[in-house]
Amino acid sequence: MESLIADEFILRTQSEENSSSCDLLTPTQLGNAVFASSMNPDESLTILCDLNKARKQFVLENELHMVYQVCDIYIYIYIYIYIYIYIY
């Protein structure tokens, strides 16, 4: 449990309801993303580190430019050419 808190998958907060203090454990955005992807926490930390390095090396106006760097925008042209060749 302590390693999940240290790696910022879980956030521990103090709750003082009814004059008794208890710890509340809530998932962070990173914890929710790792849970939803069913990835190993160690693998997800490696990917997070790689993404942070890539974010520092890219010169971007906003995050949308990263989509243009990663996605192949010409894939639809190739599909249309193959459909055209198949039809004619």
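This is a predicted model: local features need pLDDT of at least 70, side-chain atom pairs count only at pLDDT 80 or more; totals for chains, interfaces and linings use all residues.
In one of them, Glu2 pairs with Arg12, and the closest N and O atoms are 2.8 Å apart. Because Glu2 sits in helix α1 (residues 2–6) and Arg12 in strand β1 (residues 10–17), this pair ties together parts that are ten residues apart in sequence. As for accessibility, Glu2 counts as exposed at 51%, which is over the 50% cut-off for that class, whereas Arg12, at 36%, counts as partly exposed.

Arg12 also forms a salt bridge with Asp23, and here the closest N and O atoms are 3.9 Å apart, a distance that I would read with the 4 Å limit for a salt bridge in mind. This pair links distant parts of the chain, with Arg12 in strand β1 and Asp23 in strand β2 (residues 20–27), eleven residues apart. Asp23, for its part, has 42% relative accessibility and so counts as partly exposed.

What do the shared partners make of Glu2, Arg12 and Asp23? The salt bridges join these three residues into one network, with Arg12 bonded in this sense to Glu2 and to Asp23.

Key
Residues are numbered from 1 along each chain as its sequence is written. Side-chain values use heavy atoms; hydrogens and water are left out. A salt bridge is a side-chain nitrogen of Lys or Arg within 4 Å of a carboxyl oxygen of Asp or Glu. Helices (H or I, at least four residues) and strands (E, at least two) are DSSP runs, numbered from the N terminus. Buried means under 20% relative accessible area, exposed over 50%, partly exposed in between (1.4 Å probe, protein chains only).
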